[in-house]
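The sequence and the coordinates come first, and the description follows.

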Amino acid sequence: MKLQDPRPSKWLLFRIWASVGLQSFGGGASTTFLIQRAFIEKHRWLSMEEFMYFWNLCVLTPGINLVALTVLIGKKLGGVWGIVVSLAGLLLPSAAITCLLAATFLQVENIAAVQAVLRGVIPATGGIMLIVGLNFALPLIRRSYKEGVLYLLASGVLMIACALAIILLKLSVIIVILGAILLGALFFSPGRGSPLPEDEEEQGEQQ
Amino acid sequence: MINPLIYFLLFLKASLFSTGGFSNLPSLHQDLLANGWAKESYFGQSIAIGQISPGPNGLWVISLGYFTYGIAGAALALIAITLPALLVLVISAGYTRIEQRTWVQGAMHGV
């Protein structure tokens, strides 16, 4: 596949990112799909290999992986201004709608009918939070399982220890995360000659 | 009273030590409640709104910002989730140099 000359106008770049942002519901997977369709398939400014390389860098970056991906693609297609218009396109329209929804919610919150609906929704959000947590944990548990019982056990102990540290000891979340990083570096560092073959596959599932 | 600077730094800290859209939740939950700047119910509602609104899931923080501190809160939250992503430029510059070290892979696994 021949790549097109990646020099889109800033306005076009903004519009593409805005449409990606506004069309992606349910986050993660659908946004990634839209980005691939727009930049790799439709405009051919990016190859799949480049995309995967960018994505791996984004997984290492703190914060929202998709925002980091936007930064990298924006930089490639338009330098510093490419980053600015890409971020603005992805985030501003969606953020404005989020604000509007939140504002509308505050307006109607106290109406009796809405209160009744909310009583049903609150258990649902509990369920959503649970699924969010499971989505984080399951790929890791599966990966640890592939790596052997010792890893599985260590991952389990680490997860439970972090939960206990936060709930019982009331430790700061940040300290717990830093501790996990340290323990992870000590414990999971693969020995020489045994790289983690499933690494990329699992990273793709994270968001 | 909400101190805008500390408020912003709390959001920035949560985002800086998270990966993905939701993992800043525990840190924000802990800090905002400790300061009395948020109600427990805001968190579930923000996540629900984040799910129905378009854009990356991480934008749930924007409704949390709106609930706790109005438009200013939403704007500060937006900046706080955008800034850490710029670190990807630093990482992409340095990545090839550290890629081979095994402790990096171990550290990622621990997170």
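A contact, as the word is used here, means heavy atoms within 4.5 Å. With that rule, Thr32(A) touches Phe51(A) and Leu66(A), when residues up to four places away in sequence are not counted. Thr32(A) has its place in helix α2 (residues 28-42) of chain A, where helices (H or I, at least four residues) and strands (E, at least two) are DSSP runs, numbered from the N terminus. Thr32(A) is buried, with a relative accessible area of 15%; buried means under 20% relative accessible area, exposed over 50%, and partly exposed in between (1.4 Å probe, protein chains only).

This is a predicted model, in which local features need pLDDT of at least 70 and side-chain atom pairs count only at pLDDT 80 or more, while totals for chains, interfaces and linings use all residues. Residues are numbered from 1 along each chain as its sequence is written, chains are lettered from A and ligands numbered from 1 in the order in which they are written, and side-chain values use heavy atoms, with hydrogens and water left out.

**Confidence**

The predictor's confidence in each residue is the pLDDT, which runs from 0 to 100. Chain A averages a pLDDT of 79, and 83% of its residues score at least 70. Over residues 192-207 of chain A the pLDDT is below 50, although this stretch has 28 contacts in the model beyond near neighbours in sequence. Chain B averages a pLDDT of 86, with 86% of its residues scoring at least 70. For the complex, the predictor gives an ipTM of 0.84 and a pTM of 0.73.

**Chain A and one of its buried residues**

Chain A has eight helices and zero strands, and 43% of its 207 residues are buried. Among contacts in chain A between residues at least 6 apart in sequence, 58% join residues at least 24 apart.

Cys58(A) has its place in helix α3 of chain A and is buried, with a relative accessible area of 0%. What does Cys58(A) touch, not counting residues up to four places away in sequence? The list consists of Asn65(A), Ala68(A), Leu69(A) and Leu72(A), together with Val88(B). Cys58(A) and Ala68(A) are ten residues apart in sequence, and their C-alpha atoms are 5.6 Å apart in space.

**The interface between the chains**

The size of an interface is often given as the accessible area lost when the parts come together. Buried area is accordingly the accessible area (1.4 Å probe) that two parts lose on being put together, summed over both. Between chain A and chain B this area is about 5300 Å², of which carbon and sulfur atoms give 76%. On the side of chain A that touches chain B, the elements giving two or more residues are α1 (10-23), α3 (48-60), α4 (65-108), α5 (112-147), α6 (149-167) and α7 (173-187) of chain A. The largest share of that side, 22 residues, comes from α4(A). The residues of that side divide into 44 nonpolar, 18 polar and six charged, where Ala, Val, Leu, Ile, Met, Phe, Trp, Tyr, Cys and Pro count as nonpolar, Asp, Glu, Lys and Arg as charged, and the others, Gly among them, as polar. In total, the contact takes 68 residues from chain A and 55 residues from chain B.

**Salt bridges**

A salt bridge is a side-chain nitrogen of Lys or Arg within 4 Å of a carboxyl oxygen of Asp or Glu. A search of the whole structure finds two salt bridges over all chains, while the count between chain A and chain B is zero. The pairs are listed here.

| Salt bridge | N to O distance |
|---|---|
| Lys76(A) and Glu50(A) | 2.7 Å |
| Lys13(B) and Asp31(B) | 3.0 Å |

Lys13(B) lies in helix α1 of chain B and Asp31(B) in helix α2 (residues 25-34) of chain B, so the pair ties together parts that are 18 residues apart in sequence. Lys13(B) is partly exposed, with a relative accessible area of 26%, whereas Asp31(B), at 14% relative accessibility, counts as buried. In the pair from chain A, Lys76(A) is partly exposed at a relative accessible area of 25%, and Glu50(A) is partly exposed at 22%.
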